[in-house]
Amino acid sequence: MANSTDLKAKEEAHWAKTSRLMYTHLAVWFFFGFIIHMFVKPLNNIIIPILGFPLGFYMAAQGSLIVFVVMLFMFAKQQDKIDREFGFAEED
């Protein structure tokens with residue numbers, strides 16, 4: 001009986017950390033997917049020195065996509081760490 005209680009507590013703690021990670025990534029995704037694009041015109045006043053593009057144009061065209069790809073790898077790494085912490089990791 002104690003083992004099932006321990007497993008249940010472990011699963012709940014794992015889900016709590018996984019949920020927190022998921023909601024954090026969703027918030028970052030929402031910010032770069034929608035909020036940044038609302039401020040394209042003011043951001044266009046800032047010019048990226050090396051590229052010569054306005055920041056708003058760059059964020060709308062490329063910046064958000066780069067952030068999304070980086071987020072995918074970060075999420076996978078962070079989720080793997082959580083899974084290993086609670087003993088739910090898949091074997092390589």
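A salt bridge is counted where a side-chain nitrogen of Lys or Arg lies within 4 Å of a carboxyl oxygen of Asp or Glu. The structure is a predicted model, in which local features need pLDDT of at least 70 and side-chain atom pairs count only at pLDDT 80 or more, while totals for chains, interfaces and linings use all residues. Residues are numbered from 1 along each chain as its sequence is written, and side-chain values use heavy atoms, with hydrogens and water left out.

Across the whole structure, the search finds two salt bridges. One of them joins the side chains of R84 and D80, with an N to O distance of 2.9 Å. Both residues belong to helix α3, four residues apart, or about one turn of the helix; helices (H or I, at least four residues) are DSSP runs numbered from the N terminus. R84 is partly exposed at 42% relative accessibility, and D80 is partly exposed at 30%, the term covering values between buried (under 20% relative accessible area) and exposed (over 50%), with a 1.4 Å probe and protein chains only.

The side chains of E85 and K17 also form a salt bridge, at 2.9 Å from N to O. Because E85 lies in helix α3 (residues 55-86) and K17 in helix α1 (residues 2-38), this pair ties together parts that are 68 residues apart in sequence. E85 is partly exposed, at 46% relative accessible area, as is K17, at 28%.

The unreviewed UniProt entry places the feature "transmembrane region" at residues 21-40 and 46-75; such annotations may be inferred rather than shown by experiment. In the model, residues 21-40 are 95% helix and 0% strand, with end C-alpha atoms 28 Å apart. Residues 46-75 are 70% helix and 0% strand, and their end C-alpha atoms lie 30 Å apart.

Terms used
Helices (H or I, at least four residues) and strands (E, at least two) are DSSP runs, numbered from the N terminus.
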